[in-house]
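Work through the exercises below with the structure open. Try each task before reading its solution.

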2 protein chains.
Amino acid sequence: MKKSIAIDMDGVIADTETHLLNWYERDYGVRISLDEIQGLDEKEIFPDKTQSRKYVLTPGFFRTLPLMNGAVEAVKTLMESYEVYIVSAAMEFPLSLAEKLEWLNEHFPFIDWRHIIFCGDKSIINTDYMIDDHIKNLDYFKGTTIMFHAFHNVNYDHHQRVNNWDEVLELLEK
Amino acid sequence: MKKSIAIDMDGVIADTETHLLNWYERDYGVRISLDEIQGLDEKEIFPDKTQSRKYVLTPGFFRTLPLMNGAVEAVKTLMESYEVYIVSAAMEFPLSLAEKLEWLNEHFPFIDWRHIIFCGDKSIINTDYMIDDHIKNLDYFKGTTIMFHAFHNVNYDHHQRVNNWDEVLELLEK
């Protein structure tokens, strides 16, 4: 039987950090660099601490997320050897549910609806592997954890870090 | 630590079968009785085999579902002793996502968003108990299964059957 992987959306297959910084530049004319936000919490990346949350609550935010580099091809490759599930903590933002599903259907049309899960916390998800950028999800997971690099997790090292999708494939295809 | 329960929506906390029969009577003036549909698949309850599917794809269907008798009070009671998760196979019907969340917020406002999961298949759900009316969900579950009575499951007996919410409480509170 194929082993199973739960793959997160935001910060893993969708480039949420670039999208936030792009929207900020569009609205305020200031480009905040990735260097400046390393180690910060998502709430702390803009001078106004409520800005990130305002953006993720804005209709269209999740529908227009750019793809993470290499995600589509890597997920396709993984599906040859693993049961791949997309598991997103979408329930906090009800508006995001339909947008996230449309986004997946556009960019990952080869993923069957049976393999998509929108949840609140991820503590009851039971797969062999979990690829996620958030410590709060990885820490409670019972299987093998893979921490996808993100500005907010650079100071943690208690999960196997991968910096990009090439490194995921290297790790899981060997 | 509290044990955890995954509770299904349609046919368990929402009375989907009554809703289908009500809509059919409204549209065709014919009341199909519960007796007539015992043992049938959901696709087979109306003369037109596509009718059930047409209804569940109709905007408003999931938002207006009646409550299953006793569900609200029973879920409240269970939450005193268990970690309760609402787990619905909503992904097949994308329109239902927002409607199901609104319905839960109306009827079960005491259930935190962290404890709501909308999925495709339920094979990666890992709780101690699962209460569901569908064999396809219960058969692949690794914990203790509880089959909530429904017209379409009357001919199966390989899961512990409960006929109503009083019987769920009797079973789980003893």
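**Exercise 1. Confidence**

Task: State what kind of model this is, and find the average pLDDT of chain A and the ipTM and pTM of the complex.

Solution: 
- Step 1. The model is predicted.
- Step 2. Chain A averages a pLDDT of 95. In chain A, 100% of the residues score at least 70.
- Step 3. For the complex, the predictor gives an ipTM of 0.90. The pTM is 0.93.

**Exercise 2. Helix 4 and helix 7 in chain A**

Task: Decide whether helix 4 and helix 7 of chain A are roughly parallel or roughly antiparallel.

Solution: 
- Step 1. Take the geometry. The axes of helix 4 (residues 71-81) and helix 7 (residues 165-173) of chain A come within 9 Å. They cross at roughly 15 degrees.
- Step 2. Apply the cut-off: angles under 35 degrees count as roughly parallel. Helix 4 and helix 7 of chain A are therefore roughly parallel to each other.
- Step 3. Name the residues. From helix 4 of chain A come A:Ala71, A:Ala74, A:Thr77 and A:Leu78. They meet A:Trp165, A:Val168, A:Leu169 and A:Leu172 in helix 7 of chain A.
- Step 4. Sort them. This contact of helix 4 with helix 7 of chain A has seven nonpolar residues, one polar and no charged.

**Exercise 3. Helix 4 and helix 7 in chain B**

Task: At what angle do the axes of helix 4 and helix 7 of chain B cross, and which residues meet?

Solution: 
- Step 1. In chain B, the axes of helix 4 (residues 71-81) and helix 7 (residues 165-173) cross at roughly 15 degrees and come within 9 Å.
- Step 2. Helix 4 and helix 7 of chain B are therefore roughly parallel to each other.
- Step 3. Helix 4 of chain B passes helix 7 of chain B in a left-handed crossing.
- Step 4. B:Ala71, B:Ala74, B:Thr77 and B:Leu78 of helix 4 meet B:Trp165, B:Val168, B:Leu169 and B:Leu172 of helix 7.
- Step 5. By class, the contact of helix 4 with helix 7 of chain B divides into seven nonpolar, one polar and no charged.

**Exercise 4. Chain A against chain B**

Task: How many residues of each chain are in contact, and which elements of chain A give two or more residues?

Solution: 
- Step 1. 22 residues of chain A are in contact with 23 residues of chain B.
- Step 2. Helix 5 (96-107) and strand 3 (116-118) of chain A are the elements that give two or more residues to the side touching chain B.
- Step 3. That side of chain A has 13 nonpolar, five polar and four charged residues.

**Exercise 5. The helix 5 pair**

Task: Describe how helix 5 of chain A packs on helix 5 of chain B.

Solution: 
- Step 1. Helix 5 of chain A and helix 5 (residues 96-107) of chain B pack at about 155 degrees, with axes 8 Å apart.
- Step 2. That makes helix 5 of chain A roughly antiparallel to helix 5 of chain B.
- Step 3. Helix 5 of chain A passes helix 5 of chain B in a right-handed crossing.
- Step 4. A:Leu97, A:Ala98 and A:Leu101 make the contact with B:Leu97, B:Ala98 and B:Leu101.
- Step 5. The contact of the two helices has six nonpolar, no polar and no charged residues.

Key: Residues numbered from 1 in each chain as written. Chains lettered and ligands numbered in written order. Predicted model: local features only at pLDDT ≥ 70, side-chain atom pairs only at ≥ 80, totals over all residues. Contact = placed C-beta atoms within 7 Å. Helix = DSSP H or I, 4+ residues; strand = E, 2+ residues; numbered from the N terminus. Nonpolar A, V, L, I, M, F, W, Y, C, P; charged D, E, K, R; others polar. Axes fitted to C-alpha atoms, helices over the stretch in contact; angles between N-to-C directions. Parallel < 35°, antiparallel > 145°, perpendicular 65-115°, else oblique. pLDDT = per-residue confidence, 0-100. Left-handed = near helix turned anticlockwise from the far one by under 90°.
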